[in-house]
Amino acid sequence: MAVNGTGPYDPQNVFARILRGELPCKKVYEDEYALAFHDIAPKAPIHVLVIPKGPFVSFADFSSNGTEAEITGFTRAVGKVARDLKLEAPGYRLLSNVGVEAGQEVPHFHVHLFGGKALGAMLPG
């Protein structure tokens with residue numbers, strides 16, 4: 001079910017629970033700013049989610065309210081995960097859904113990292 005990307009942060013969302021260790025994940029990378037883990041319903045051979053550790057609902061929230069260190073640390077973590085998964089040479093896609101019309105499902109800012117095959121057009125049709 002899609003969620004609004006502008007509402008208040010819900011500390012009971014699934015990613016907040018993963019960050020607190022209440023739910024498991026198949027971790028790929030973690031540092032003080034970000035956690036990366038495999039998506040439970042992958043849409044490509046490699047489908048990893050990268051989430052900031054702070055309570056941000058969307059990219060707009062993160063870019064407006066994150067500290068310089070959080071924004072820089074998260075951005076570097078996304079790049080490190082792509083490099084560690086050896087996706088740079090063949091190519092990969094980053095995607096962040098924000099709001100109902102984009103299909104955001106979890107009210108915690110996150111980036112999908114897709115790779116491992118030719119991904120085709122950005123949007124159908």
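## Strand β5 and its partners

Strands β3 (residues 46-52) and β5 pair in the antiparallel sense, with five bridges between them. Here, helices (H or I, at least four residues) and strands (E, at least two) are DSSP runs numbered from the N terminus, and two strands pair if DSSP finds at least two bridges between them. Within this pairing, Val-48 has Leu-113 of β5 as its bridge partner. Strand β4 (residues 93-95) also runs antiparallel to β5, joined to β5 by three bridges, and there Leu-94 stands opposite Leu-113.

This is a predicted model, in which local features need pLDDT of at least 70 and side-chain atom pairs count only at pLDDT 80 or more, while totals for chains, interfaces and linings use all residues. Residues are numbered from 1 along each chain as its sequence is written, and side-chain values use heavy atoms, with hydrogens and water left out.

## How covered is β5?

Side chains in a regular strand alternate between the two faces of the sheet. In β5 (residues 111-115), five of the five residues are buried, where buried means under 20% relative accessible area, exposed over 50% and partly exposed in between (1.4 Å probe, protein chains only). Val-111, Leu-113 and Gly-115 are on one side, His-112 and Phe-114 on the other, and both faces are covered.

A pocket is an open set of points on a 1 Å grid over the protein atoms alone, where a 1.4 Å probe fits, with protein on both sides within 12 Å along at least five of seven lines; lining residues have an atom within 4 Å of a point. Grid points are joined across faces, edges and corners, and a volume is the space filled by probe spheres set on the points.

The largest pocket has a volume of about 480 Å³. Its lining counts 23 residues, with Phe-15, Asp-39, Ile-40, Leu-49 and Glu-105 nearest the centre. Two or more lining residues come from each of α1 (14-19), β2 (34-38) and β3, and α1 gives the most, three. The second largest pocket, at about 280 Å³, is lined by residues including Lys-43, Arg-93, Leu-94 and Phe-114; β4 supplies the largest share of that lining, three residues.

## Val-14 in helix α1

Val-14 lies in α1 and is partly exposed, with a relative accessible area of 36%. Leaving aside residues up to four places away in sequence, Val-14 touches Leu-23 and Val-106, contact meaning heavy atoms within 4.5 Å. Val-14 and Val-106 are 92 residues apart along the chain, yet their C-alpha atoms are separated by 7.1 Å.
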